[in-house]
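User: I would like to learn how to read backbone and helix-packing features in a model. Can you take me through them one by one?

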Amino acid sequence: MKEVVLKHPLITHKLSILRDKNTGTKKFRELVGEIAILLCYEALKDAKLENTIIETPLEKYKTKCLNEDNYAFVPILRAGMSMVDGIIKVMPNAKIGHIGLYRNEETLEPVEYYYKMPENIKKREVLVLDPMLATGGSAIATINRLKKDGVKKIKFLCVISSPIGIKKLQEAHPDVKIYTASVDRELNEVGYILPGLGDAGDRVYGTK
């Protein structure tokens, strides 16, 4: 499978509150971060551990640790930033890159306006963050840019996705695994996910 859909009562519960139009900005923001933690947990199941020796209060102990320098998280501005709070609770030393995109109203294609990545990005596994995978345009443009910089291993984490968004992303980048909390029914005529949760960026930042 090229996509992993999280199936868990906690996810269903949190998504129900997230979708509710009466959920306020503070609660909405917190829930996105909490779901991001669960997505990150699932996406890092294949993480490679390195041998190390620690000292407990009683003795030395051989164990394994994750090298956080091997990873970078890249939120797609602006809504993707809402997932970062959760991510850094799981991996507080992980490097964070940023990419900003807007849609050209004539061509409907994403246009990059900001791009800043951690040093040696091509040597890291990159997890791209965006609460919504709707048409797939922003996700594809972001991954195109990362691959141009030499990144070899990329995963995409989103809270809610559409069938067409998954299909287009898989067609453009069959090597990228998608982690999502829900695959919703469809897109409406203006590209919003149904049943969805509205505009994630507006609800996170209280701009509408």
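**Helix pairs and backbone exceptions**

Analyst: Helix 1 and helix 2 cross in a left-handed sense. Keep in mind that this is a predicted model.

User: At what angle do helix 1 and helix 2 pack, and how far apart are their axes?

Analyst: Helix 1 covers residues 9-19 and helix 2 covers residues 25-43. Their packing angle is about 150°, and the axes lie 10 Å apart. Angles over 145 degrees count as roughly antiparallel, so helix 1 is roughly antiparallel to helix 2.

User: Which residues in helix 1 and helix 2 meet?

Analyst: Helix 1 brings I11, K14, L15, I17 and L18. Helix 2 answers with K27, F28, L31, V32, E34, I35 and L38. Sorted by class, this contact holds nine nonpolar, no polar and three charged residues.

User: What about the loop between helix 1 and helix 2: is T23 buried or exposed?

Analyst: T23 sits in that loop. A residue counts as buried under 20% relative accessible area. T23 is at 13%, so T23 is buried.

User: Which residues does T23 contact, leaving aside neighbours within four places in sequence?

Analyst: I17, F28 and R203. I17 and F28 also take part in the contact of helix 1 with helix 2. With R203, compare sequence with space: T23 and R203 are 180 residues apart in sequence, yet 9.0 Å apart C-alpha to C-alpha.

User: Which residues of helix 4 are buried?

Analyst: A139, I140, A141, T142, I143 and L146 are its buried residues. After helix 4 comes G150, with a positive phi near 95°.

User: How do helix 4 and helix 5 pack?

Analyst: Helix 5 is residues 163-172. The angle between helix 4 and helix 5 is about 20°, with axes 9 Å apart. Angles under 35 degrees count as roughly parallel, so helix 4 and helix 5 are roughly parallel to each other. Their crossing is right-handed.

User: Which residues in helix 4 and helix 5 meet?

Analyst: A139, I140 and I143 come from helix 4, and K168, L169 and A172 from helix 5. By class, the contact has five nonpolar, no polar and one charged residues. A139, I140 and I143 are also among the buried residues of helix 4.

User: Let us turn to the backbone. What is the general rule for phi and for peptide bonds?

Analyst: Most residues other than glycine have a negative phi, and most peptide bonds are trans. Now look for exceptions.

User: Where is the cis bond that involves R78?

Analyst: It runs from L77 to R78, with omega near 5°. R78 lies in the loop between strand 4 (71-77) and helix 3 (84-90). Another cis bond joins L194 to P195, with omega near 0°. P195 is placed in the loop between strand 13 (193-194) and helix 6 (200-205).

User: And what is the phi of N120?

Analyst: Near 55°, a positive value in a residue other than glycine. N120 belongs to the loop between strand 7 (110-116) and strand 8 (125-129). N120 is partly exposed, with a relative accessible area of 42%.

Terms used
Residues are numbered from 1 along each chain as its sequence is written. This is a predicted model: local features need pLDDT of at least 70, side-chain atom pairs count only at pLDDT 80 or more; totals for chains, interfaces and linings use all residues. Side-chain values use heavy atoms; hydrogens and water are left out. Helices (H or I, at least four residues) and strands (E, at least two) are DSSP runs, numbered from the N terminus. Buried means under 20% relative accessible area, exposed over 50%, partly exposed in between (1.4 Å probe, protein chains only). Axes are lines fitted to C-alpha atoms, for helices over the stretch in contact, and angles run from 0 to 180 degrees between N-to-C directions. Angles under 35 degrees count as roughly parallel, over 145 as roughly antiparallel, 65 to 115 as roughly perpendicular and the rest as oblique. A crossing is left-handed if the near helix is turned anticlockwise from the far one by less than a right angle, and right-handed if clockwise. Contact means heavy atoms within 4.5 Å. Ala, Val, Leu, Ile, Met, Phe, Trp, Tyr, Cys and Pro count as nonpolar, Asp, Glu, Lys and Arg as charged, and the others, Gly among them, as polar.
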